[in-house]
Amino acid sequence: MTWRREKQAMTPKKIIRNAVLVLAMLSCIFVSVWTLKASSLQLEGVRLPPGFQITTYATGVRGARQMCMSPSGILFVGMREVKGSVYALVDRDKDGKVDKAYLVARNLLCPNGVDFKDGSLYISVVHGVYRLDNIEKRLDNPPEPVPVNLNLPREMWHGQKYIRFGPDGLLYVPVGAWCNVCEKDDWRFASIMRMRPDGSKLEVFAKGIRNTVGFDWHPTTKELWFTDNGRDYLGDDLPPDELNRAPRKGMHFGFPYRYGLNAADPDFGKKGSPAAEYTPCAVPLGAHVAALGVRFYTGRMFPKQYHNQIFIAEHGSWNRSKPIGYRISLVTFPPDGPPKYSVFAEGWLRNGSAWGRPVDVIVAPDGALLVSDDHAGAIYRITYGSAPGAVK
């Protein structure tokens, strides 16, 4: 499928908008070229807690972004290129390494997000969502993508979308802010939206979210938790990236007026509503770490202290004097105190230079944690103990 757009009369506003679109497209192309030139994997330098190991699950997965796994164990991986592809990775002998890779979709506009439901693979593009039906049985001959809903904004800045089906059976789709920090009349921007699997009944679930590229639901409470990337150009240490909790529809998380624990933005803090009407973040994360994929650990391989705790892929800073991120962080919830934010795995950043950039995390059926890396073009597998299985 290719992205087509009807010709329209050019106005100064549209000329400016198209110029920004071209710049954003060039940035996506740069990312893909950067990926092609990524250095070799250096997993021996990745530091983990005692008892954990990291191995390579798949290589050559150019620009690997969001992941999802089908009931039969096929791992689907999206990417963010302008004419992007979607991969299917198969580990037939269940030895922890991919045996074969399939290209199941191509020439889509930044197909960053993927999720699986009722035999179909859902793929997000900048302006909406497609679907590949019966894909598990058609890896060698994939079907044409079926449009689900292609009525979302086409702006490229923060346009690459992470998608997930929630416990309510609805598909959650974010629409990032079309700016570093700004106000926008279009109510869809800076939000998390949701729709039915057929694309109908599109609505806003939460507002005031600059750019989320990862969310999950608590295994017990079913509350939505999501990361949000803070604005740029407030210095090295402001604002923090955020981990937020949205237990209900209709909440506003502050952007562009407030950030973090309800601090006022220096440019927009005097606008908007009173501070009490905005929800502060649940956990402030590192400034500019680019917190992306997030997942509650629901497997049985890791020790009990990790069960129902949150893993976050931190893609890494681009505008900080000293780089930060490029790691997997962990948020734990002690029964008698506030959440604790710590580093779980690091080593993709060495001497100020990154050889890898984690993007997404998911829990495999055997309890291993899979990590995508769009810079190295790889998928990693983090395990505990000497063999797969439950820790007793």
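These legends walk through several close-up views of the structure. The model is a predicted one, where local features need pLDDT of at least 70 and side-chain atom pairs count only at pLDDT 80 or more, while totals for chains, interfaces and linings use all residues. Residues are numbered from 1 along each chain as its sequence is written, and side-chain values use heavy atoms, with hydrogens and water left out.

View 1. (Rings of Phe, Tyr and Trp, the last by its six-membered ring, pair if their centres lie within 6.5 Å; planes under 30 degrees apart are stacked, over 60 edge-to-face, and the rest tilted.) Tyrosine 162 comes from the loop between strand S9 (146-149) and strand S10 (164-165), and phenylalanine 215 from strand S14 (residues 215-217), so the pair ties together parts that are 53 residues apart in sequence. (Strands, E in DSSP, are runs of at least two residues, numbered from the N terminus.) Both tyrosine 162 and phenylalanine 215 are buried, meaning under 20% relative accessible area with a 1.4 Å probe, protein chains only.

**View 2. Tryptophan 348 and tyrosine 380 make a tilted pair.** Here it's 5.8 Å centre to centre and 45 degrees between the planes. Tryptophan 348 sits in the loop between strand S24 (340-346) and strand S25 (349-350), while tyrosine 380 belongs to strand S29 (residues 378-384), 32 residues apart. Both tryptophan 348 and tyrosine 380 are buried.

**View 3. Strand S28 (residues 369-373) is covered on both faces.** Leu369, Val371 and Asp373 are buried on one side, and Leu370 and Ser372 are buried on the other. In a regular strand, side chains alternate between the two faces of the sheet. S28 pairs in the antiparallel sense with strand S27 (residues 358-363) over 5 bridges, and with S29 over 5 bridges too. (Two strands pair if DSSP finds at least two bridges between them.) Valine 363 has leucine 369 as its bridge partner, and valine 371 has tyrosine 380. Each hairpin has a glycine with positive phi: glycine 367, near 100 degrees, in the S27 and S28 hairpin, and glycine 377, near 65 degrees, in the S28 and S29 hairpin.

**View 4. The largest cavity holds about 120 Å³ of space.** On a 1 Å grid over the protein atoms alone, a cavity is a set of points where a 1.4 Å probe fits but cannot get out, and lining residues have an atom within 4 Å of a point. Points are joined across faces, edges and corners, and the volume is the space filled by probe spheres set on them. Of the 15 lining residues, Gly230, Glu242, Phe255, Arg258 and Tyr259 lie nearest the centre. The lining divides into 6 nonpolar, 3 polar and 6 charged residues. (Ala, Val, Leu, Ile, Met, Phe, Trp, Tyr, Cys and Pro count as nonpolar, Asp, Glu, Lys and Arg as charged, and the others, Gly among them, as polar.)

Key: Helix = DSSP H or I, 4+ residues; strand = E, 2+ residues; numbered from the N terminus. Buried < 20%, exposed > 50% of the residue type's maximum accessible area, 1.4 Å probe, protein only. 1 Å grid on protein atoms, 1.4 Å probe; cavity = no way out; pocket = protein on both sides within 12 Å on 5 of 7 lines; lining within 4 Å.
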